[in-house]
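This report describes a structural model, with attention to the second of its chains. The model is shown below.

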Amino acid sequence: MALLTKKDASLITDPLADNNPITIQVLGICSALAITAELKASIVMAISVLFVLGAGNVVISLMRNIIPSKIRIIVQLVVVAALVIIVDQVLKAFAYELSKTLAVFVGLIITNCIIMGRFEAFALGNGPWKSFLDGIGNALGYGVILVIVGFFRELLGSGTLLGFPVLGDPVEKTGLYATGYENNGFMIIPPAALIVVGIIIWVQRSRNKALIEEN
Amino acid sequence: MAINTEKNIYTVVFAATMVVVVGSILAFLASGLSGKIKENERLEKQQNILYAMGVNENGDGGSVNFVPTTEVAGEFSKYIKDQLVIEGDDISSDDEAYLIDVRKQGNLAKKGATRKLPLFIGEKDGKKFYIMPMYGKGLWDIIWGYVAVDANMVVQGVYFDHKGETPGLGANIKQRYFMDDFEGESILSGTRYVGVSIAKGNNDPLNNIKDDNEVDALAGATITGNGVSAMIKESVNLYRPYLETIRVKN
């Protein structure tokens with residue numbers, strides 16, 4: 001017996017490419033700009049969103065028949081905010097160091113439009129298992145872009161990856177810097193993320209004709 | 001039995017129930033965990049104070065390594081010889097001075113009260129360190145830290161932390177390559193108090209010049225850097241009367 005039916009599997013794989021939340025739906029751009037200056041922050045953010053979106057989608061899906069439609073957005077906000085605060089408090093008590101790394105992201109997770117978007121578009125109309133898969137899929141799609149952007153921004157902007165100097169020392173002029181290479185300071189400021197995301201969208205669209213709109 | 005979820009009364013009852021349920025979960029969790037969280041924060045303060053005076057486990061790796069939490073309480077009482085509370089002209093000893101919230105004291109001072117200033121006197125290898133807490137504003141949120149000076153008002157070490165500076169930019173104030181630069185800088189220029197500033201374009205990226213009261217800035221983090229300069233200048237300024245007596249005595 002296959003663990004996932006074909007349809008279920010597409011819930012996870014679709015958002016990775018053809019229905020990517022960032023490059024196709026253009027959601028979650030704000031956090032993609034803010035935290036991708038280094039790879040580590042991108043990875044931490046991706047994992048946090050993976051957890052919150054997976055769990056949040058299940059909770060909303062379980063509640064979907066009793067949520068009054070007039071206040072559903074508020075209910076969604078309460079669910080995501082409560083989840084994030086619970087995680088934050090538990091980490092503060094049992095993994096203090098990690099909680100400090102995550103502190104910056106707490107606010108960004110709550111306001112991430114992908115999370116609200118998936119609650120609204122999917123979890124309110126589907127069962128918990130499908131919602132869970134959808135949440136994981138979208139979070140992965142978001143995470144993949146974050147990690148790609150973080151990789152290029154940290155590499156080209158600071159010459160490091162996860163904090164390790166991979167291109168040599170820019171001050172001592174060793175490694176690649178000995179040839180006259182310089183770090184691109186532009187890459188570490190937020191507008192660079194927009195350009196990297198733009199390039200990803202361009203590459204993706206030029207390779208997949210189905211995504212090109214007709215005028 | 002199907003519930004009519006469109007009715008107003010249902011909406012109100014649902015909202016009220018939700019608030020009570022979520023509120024109780026969070027309140028229950030917060031009160032259950034608060035002891036552990038407070039303990040963590042207490043140990044962190046001790047780690048930070050010790051870090052500033054050079055009691056840490058930094059290797060050659062370039063990453064910040066504190067004294068482990070399991071050992072910090074013992075190390076703290078071993079290296080910190082005295083904890084003073086300076087309140088106007090009164091100076092007293094208090095073993096829990098490190099728990100004083102300097103930011104709260106700053107706000108009290110704005111209302112006209114005399115603030116309590118904690119000062120930690122550390123001793124390592126026969127050398128005395130005067131460690132002061134600092135706080136200020138970065139780009140997005142508060143920043144804080146500790147600075148340790150010796151009797152000649154030369155910085156022996158610093159520790160910075162922040163609540164929400166941009167990762168990769170302002171958040172790098174807590175990286176070792178930035179904090180290590182402060183070591184050896186004087187907070188005095190001659191005998192005049194100037195603090196230590198974060199400078200752009202001081203042509204000293206390796207920070208070899210130790211008598212310019214400046215360290216090299218972080219690229220892309222101008223406002224956080226300015227915040228750090230201001231934080232050092234303003235926070236240490238509060239201790240000047242006391243530091244001056246130490247310097248003159250020395």
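The C-alpha centres of domain 1 and domain 2 of chain B lie 48 Å apart. Domain 1 covers residues 1–30 of chain B and domain 2 covers residues 45–249; such bounds come from an automatic or database domain assignment. The model is predicted: local features require pLDDT of at least 70 and side-chain atom pairs count only at pLDDT 80 or more, whereas totals for chains, interfaces and linings use all residues. Residues are numbered from 1 along each chain as its sequence is written, while chains are lettered from A and ligands numbered from 1 in the order in which they are written.

The C-alpha trace of chain B spans about 85 × 45 × 40 Å along its principal axes. One pair of residues illustrates a separation within the chain: B:Ala16 and B:Gly220 are 204 residues apart in sequence, and their C-alpha atoms are 47 Å from each other. B:Ala16 belongs to helix 1 (residues 8–52) of chain B. B:Ala16 counts as exposed because it has 10 C-beta neighbours inside 10 Å.

Of the 250 residues of chain B, 32% count as buried. Six helices and ten strands are assigned in chain B; helices (H or I, at least four residues) and strands (E, at least two) are DSSP runs numbered from the N terminus. Of the contacts in chain B with a separation of 6 or more, 57% are between residues 24 or more positions apart, a contact being two residues whose backbone-placed C-beta atoms lie within 7 Å.

| Strands of chain B | Bridges | Residues between the strands |
|---|---|---|
| Strand 1 (residues 80–87) and strand 2 (residues 90–93), antiparallel | four | two |
| Strand 4 (residues 127–137) and strand 5, antiparallel | eight | four |
| Strand 5 and strand 6 (residues 155–162), antiparallel | seven | five |

In the hairpin of strands 1 and 2, B:Glu87 has B:Asp90 as its bridge partner, and B:Gly88 in the turn has a positive phi of about 65°. Strand 5 (residues 142–149) is largely enclosed by the rest of the structure, because six of its eight residues are buried. B:Ile143 in strand 5 stands opposite B:Gly136, and B:Tyr146 stands opposite B:Tyr159 in strand 6. In the hairpin of strands 5 and 6, B:Met153 takes a positive phi near 65°.

The largest nonpolar core has 83 residues, and B:Ile131, B:Tyr146 and B:Ala148 are among those with the most contacts inside it. Helix 3 (residues 39–62) of chain A supplies the largest share of this core, seven residues. A nonpolar core is a set of buried Ala, Val, Leu, Ile, Met, Phe, Trp, Tyr and Cys residues joined through C-beta atoms within 7 Å. Leaving aside neighbours within four places in sequence, the contacts of B:Ile131 include B:Ile49, B:Phe120 and B:Tyr146.

Where chains A and B meet, the contact takes 24 residues from chain A and 28 residues from chain B. The residues on the chain B side divide into 17 nonpolar, seven polar and four charged. Here Ala, Val, Leu, Ile, Met, Phe, Trp, Tyr, Cys and Pro count as nonpolar, Asp, Glu, Lys and Arg as charged, and the others, Gly among them, as polar.

Notes. Buried ≥ 20, exposed ≤ 12 C-beta atoms within 10 Å, placed from the backbone. Pairing = 2+ DSSP bridges.
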